[in-house]
Amino acid sequence: MLSSIFFLIIGSIGLFYGSEWLIDGAKDIAKKFKISDLVIGLTIVSIGTSFPELVVGIISSIEGHNDFVIGNVLGSNVANIGLALGFPALFYIMNFEYKNVISAFFYNILACGALYYIILDNRIDSSDSQILLFLFIIYIIASFLRPNITSCDGELENEKKVGLKKSFGRLLAGSIMLYAGSELFISNGASPLVREFGFSEKAVGMTVVAIGTSLPELFVTLMALSKKEVGISLGNIIGSNIFNILFVLGVVGLISPLEVSSVSFELFFGVGLLLLLALLSFFYKGLNKLSGFLLVSIYVLFLYLQFYG
């Protein structure tokens, strides 16, 4: 047990630093080639913080842990709202315009609806993956037409220029660290935990694995709020959730078809949490300590239900 927990911690650290290096390197390269801040925000920040889910998903699928894949994606989406947004809201007040994020909420619900329809047969095959990736492309194009959806200009303006060689070095080091961290996290941490305690792969994927891969979102949210950059906080979380469903499951399903167990409860739980976030955003013009406590409490309930529900 102690060795499994040790490797979960080491793996989480690898995923955390790997994603940071990869994001920093990619942003520096993008700015070097004069790619706009909007493009960087849409692709690097939201997608970059979800890169651990992608790496963990691919490795889990290859090693035959299919329930880790779907559990990690849906569990991470719940963790992103309940933990990565709820916990920082206990310390920082988030003020933002509801009209600027309503489209992102819509695309997130659309992604959840598409996934629900696709997994009715408890399988994600190549044709299903193509549908998910097609919707992801539509989301990216629509985001270009609505710059305020995932705007993160404030964060990007604070970045310092770095040499191209150093940027590619960060990119390579981040990729290697992500792979190593995910191997330790899955093969030496989560898998032995399943065997030792008899927990289901889905439960561990929804909780332990999901929390580990959601660390980048939590870190980015805390850092953004400490700099009073609220836009990236919500935009990155919603964008990451959309990326997890449409791109991560789309790519993993293309590599190897997924046989998944029933996850309707977890999927609808995530949708309910998303709708609650939308209501809190509408009535309170953002998030405060009370709403943060509510989100964290609901997330704790989600964790309890995964093991004892």
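This is a predicted model: local features need pLDDT of at least 70, side-chain atom pairs count only at pLDDT 80 or more; totals for chains, interfaces and linings use all residues.
## A nonpolar patch on the surface

On the surface of the model, Met1, Leu2, Ile5, Phe6, Ile9, Ile10, Ile13, Tyr17, Trp21 and Phe197 form a nonpolar patch, and together they have about 950 Å² of accessible area. Helix α1, which covers residues 2–32, gives the most to this patch, with eight residues.

Met1 lies in the segment before α1. Its relative accessible area is 45%, so Met1 counts as partly exposed, a class that falls between buried, under 20%, and exposed, over 50%.

In soluble globular proteins, nonpolar side chains tend to be buried together. The largest nonpolar core in this model has 60 residues, of which Leu115, Ile238, Leu246, Leu249, Leu277 and Leu287 touch the most other members. At least two residues of this core come from each of several helices, among them α4 (66–82), α6 (102–118), α7 (126–145) and α14 (289–308), while α12 supplies the largest share, 11 residues.

Leaving aside residues up to four places away in sequence, Leu246 touches Ala111, Leu132, Leu133, Leu135 and Phe136.

## Helix α13

The 21 residues of α13 should span 30 Å at 1.5 Å a residue, and this agrees with the end C-alpha atoms, which are 30 Å apart. Among the buried residues of α13 are Glu266, Leu267, Phe269, Gly270, Leu277 and Ser281. Lys285, which follows α13, has a positive phi, near 55 degrees.

Technical notes:
Residues are numbered from 1 along each chain as its sequence is written. Side-chain values use heavy atoms; hydrogens and water are left out. Patches are made of residues with over 30% relative accessible area and no salt bridge: like charges are joined within 9 Å, nonpolar side chains (Val, Leu, Ile, Met, Phe, Trp, Tyr) within 5 Å. Accessible areas come from the Shrake-Rupley method with a 1.4 Å probe; for residues, only the protein chains shown count as cover. A salt bridge is a side-chain nitrogen of Lys or Arg within 4 Å of a carboxyl oxygen of Asp or Glu. Helices (H or I, at least four residues) and strands (E, at least two) are DSSP runs, numbered from the N terminus. Buried means under 20% relative accessible area, exposed over 50%, partly exposed in between (1.4 Å probe, protein chains only). A nonpolar core is a set of buried Ala, Val, Leu, Ile, Met, Phe, Trp, Tyr and Cys residues joined through side-chain atoms within 4.5 Å. Contact means heavy atoms within 4.5 Å. The expected span of a helix is 1.5 Å times one less than its number of residues.
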